[in-house]
Amino acid sequence: MATLSPPRTAAWMTRRRRPAREIGLLVVAGIIALALLSPLALVALDAHSAGWGEIHRTLFRARSVMLLRHTVVLAAIVAVAAALLGTGTAWLTERAALPARRLWTVLLVLPVAVPDFVVSYAWHSFAPRIPSLLGASIVMTLGTYPLVYLPVAAALRRADPSMEEAAHSLGVGRVATFRRVTLPLVRTAIIGGCVLVVLTVISEFGAFEILGYQTFTTEIFTEFQFDARAAGSLAIPLVLLGLAVLLAEGLLPGRTVAGSAPRRAVRPVRLRRMTVPAMAGLGALVVLAVGVPVGTIVYWMAAAQQTTLPAAATLTSATLTTLSYSAAGAAAAVVLALPVALISLRRSTVPRTVLERSTYLTKALPGVVIALSLVFFATRYAFGLYETSTLLVVAYVILNFPLALVCVKASVAHVPPRLTDVGRSLGRGPVAVFVRVTLPLLAPGLLAGFCLVFLTAVTELTATLVLAPIGVQTLATQFWAFQQNIAYSAAAPYALVMLALAVIPGTLLGLWFDRERSTRA
Amino acid sequence: MQLFTRARGPVRRGPLRRSLCAVLLAAGACLALAGCGGSSGSSGKGTLVIYSAQHPETTAAIVAAFTKQTGIKVELKNDDEDVLTAQLEQEGSRSPADIFYTENSNWLQQLDDKGMLASVPSSTLARVPSRDNAANGKWLGVSGRYSVLIYNPGKISASQLPTTAEALADPKYKGKLELAPAETDFWPIITSMIRAHGRQAALTWLEGLKANAGSDDHTPDNETLVGDVSKGDADMGLINHYYYYRIRAEMGAANFHAKLAWLAPRDPGFVEDISGAAELKSAPHPAAAQKFLAFLVSQAGQNVIAHSKSFEYPLVSGVAPNAELPATSTLKPNPITPAQIGTGIDARNLLRQAGLI
């Protein structure tokens, strides 16, 4: 790219400039971004072949105004609610002297792994007369706050607590300390998480369908039943909404703060009188987000008349398949997110920012649009990949890349460049410096990103149904098959195993953090 | 405040790049491993590939019986019928699918309109009444379902129920109706109403339904609708009969409070929907595909359907339906045929015009 911004100082230019490597990184990031954006090409093709007349008929009718209003209002409510919940819970688990902290870390990320269908069914059963906006807000907030929680917790873990402690010791109140010291440290993570939340709300389908809340995405699915191409053109407003969100994020005053790595363990803030309310709040959150759906699953198993429980062999093989696909997708997403995170954080120029932001766009598209675009590309240009698990893993990466990116970015922000320079100046090779200095510093973000993508991939259904090799079943597809048959009792064990798998990354995160603490203390 | 520096300093970590390459390679290896390890199911040569949007359990039972009889291995791909249709269209002539087996004939018609279906052998077509097959013989009727009223006797008594679809739009049922307009099952009724009363009257009728349903005019699917009626959240709704039987079987009669009511004989709202199957023109295994189509309408294949929990009516004469269902001979649906139902495009346009989708 010819548009690299001029280096800040001449001295830097003479001493530091390594254009070849710079450009190498940019090229890698550029290729990744292009690959991620390829589904948009199909939206354009569909729109083109549907013709302007059809697009006009589909988009410009009274109903569209309602759909737009619904989508925007809900996205705004959920973003604010998820930001508050995600940041609050992250502060509690990372900074406060919270009893059973490790258990909370595990429980708080679980909601991501509850299938949409279970959540919405549960709410529809418990409160059938709940107004659809309220129902959709509750379900989406409970399902998406971990998208804020995980990156913020990872950022807090990496941020040096000494600033906060100093502020407090100088007589600044807890609230003021949080606002003036902690918040700037986790700003990138909060904003990134909110962008994910908004994009998820925009592209969500299953939950709204059951709750009867109509958005552009539910409309796409209805339209889909008539004309897939017109449905493609309906994705245009989603792309535009996604662009608007990313633009808005870009316009927010950039006050990214690079802290230094913590030199010692956090001295947990004692909650004193607030311990009981804090525990009660977390408990209520977990009951609503996990307890209600789990209760529904257990009810299905208990109340069922037909005891067509699945064969253990089917359950085991579906579990192993799910595990390997999701882990491969999560690993690939995190690794690919690294170069993209690095180019935008090391130096911020317009082309770099555009490149990095563009990778979020596909998150605004519903899974079925992405899956069908991969069918389109694979059958035409990579037939060898069609009906292989590789293509499904690629779909998981495309669908969830932004989840990984936000987490990785949040921790790259906390890697002080001078640390690696020190490593280099001590005569270590670049690989050694990366492995022994950079990687450990990035680890919380990488791990959080891995967990988030893994959790989301475990319950991913639409793309899995379309792209999984013929005859291969995952937990989500088996759950779906029984749920379609109204055999809820037979579907229930698959949902429970999905939840059980979700405990693994949560536990890993908790364990890893505890090890960190004890080695530093 | 040294810590509060912007993270926008110049790039100082060129060495990272080489390590990144190593990590990228590792990721590539990981992907390759996933690709080779789990790779494509077991679709070796000679394995028949079926894209199915039908009841997965019943389909699996049919396939097992077919393999037992013929020795032909089968791979099943299950998904919703609209998605499978879109996927087949995207795949085009390179589709690995031999057979498309689906719940509603309009999807088969849509693929046929795009020239993607092969002809079904006439000996196979002859097994079922000709009105239940495609007019041009490109798809085969396999089983049937009927549109019925479902109601909650605690909310509305049997004597108060309408006996025609037309009467559902009567203002006296305001607030008593729940609608699932996006369900494919609902469209044939609209097509039938257009055929019986004309487009304008059908539109007025749809608007009447919308007004009677009020805020219950966009229930996402028939399962939810049946559940709502059973719980008494809604008084009544229009569904296909098998949802009633399936959900009653799953929930148990004791927990299920909805009842079923058949519409008047020949009423335009009393429509038979056909589940059907077709061979794709691009089928890699045409001979096996034709054997499967023949098996679907053989005594053995139809028996599997009759004894399954999907509660559909077999179409071949001499095969009795599930014992819980009324005999086929007692049912007097409107004479509209699947060919007249077509792709459902008119129904869609009318639904849009009425603001229901």
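Modeller: Happy to. A residue is buried if 20 or more other C-beta atoms, placed from the backbone, lie within 10 Å of its own, exposed if 12 or fewer do, and partly exposed in between. Helices (H or I, at least four residues) and strands (E, at least two) are DSSP runs numbered from the N terminus. This is a predicted model: local features need pLDDT of at least 70 and side-chain atom pairs pLDDT 80 or more, while totals for chains, interfaces and linings use all residues. Residues are numbered from 1 along each chain as written, and chains are lettered from A and ligands numbered from 1 in the order written.

Let us start with strand 1 of chain B, residues 48-52. All 5 of its 5 residues are buried, so strand 1 of chain B is largely enclosed by the rest of the structure. B:Leu48, B:Ile50 and B:Ser52 point one way, while B:Val49 and B:Tyr51 point the other way. In strand 1 of chain B, the residues pointing either way are buried.

Next, look at the strands beside it. Strands pair if DSSP finds at least two bridges between them. Strand 1 of chain B pairs with strand 2 of chain B, residues 74-78, through 5 bridges in the parallel sense, and B:Ile50 sits opposite B:Leu76 of strand 2. Strand 1 of chain B also pairs in the parallel sense with strand 3 of chain B, residues 99-102, this time over 3 bridges. Here B:Ser52 is opposite B:Tyr101 of strand 3.

On the way from helix 2 to strand 2 of chain B, the loop holds B:Ile72. B:Ile72 is partly exposed, because 18 other C-beta atoms lie within 10 Å. Two residues are in contact if their C-beta atoms lie within 7 Å. Setting aside residues up to four places away in sequence, B:Ile72 touches B:Leu48, B:Phe66, B:Thr67, B:Ala288 and B:Lys291. B:Leu48 brings us back to strand 1 of chain B, where this residue is buried. By contrast, the C-alpha atoms of B:Ile72 and B:Asn240, 168 residues apart along the chain, are separated by 33 Å.

Helix 3 of chain B, residues 81-91, is mostly covered, with 10 of its 11 residues buried. B:Gly92 follows helix 3 of chain B, with a positive phi near 60 degrees.

A positive phi also turns up elsewhere. As a general point, most residues other than glycine have a negative phi. B:Phe311, though not a glycine, has a positive phi near 55 degrees. B:Phe311 is in the loop between helix 11 (299-306) and strand 9 (313-314) of chain B, and counts as buried because of its 24 C-beta neighbours inside 10 Å. In chain A, A:Glu387 is another residue other than glycine with a positive phi, about 65 degrees. A:Glu387 belongs to the loop between helix 15 (367-381) and helix 16 of chain A, and is buried, with 26 other C-beta atoms within 10 Å.

Stepping back, chain B has 13 helices and 9 strands, and 55% of its 357 residues are buried. Chain A has 21 helices and 0 strands, with 58% of its 521 residues buried. Of the contacts with a separation of 6 or more, residues 24 or more positions apart account for 77% in chain B and 85% in chain A.

Finally, a nonpolar core is a set of buried Ala, Val, Leu, Ile, Met, Phe, Trp, Tyr and Cys residues joined through C-beta atoms within 7 Å. The largest one has 270 residues, and those with the most contacts inside it include A:Ala395, A:Val408, B:Phe100 and B:Ile190. Helix 16 of chain A, residues 389-412, supplies the largest share of this core, 18 residues. Beyond its neighbours within four places in sequence, A:Ala395 is in contact with A:Ile370, A:Ala371, A:Leu374, A:Ala463 and A:Leu467.
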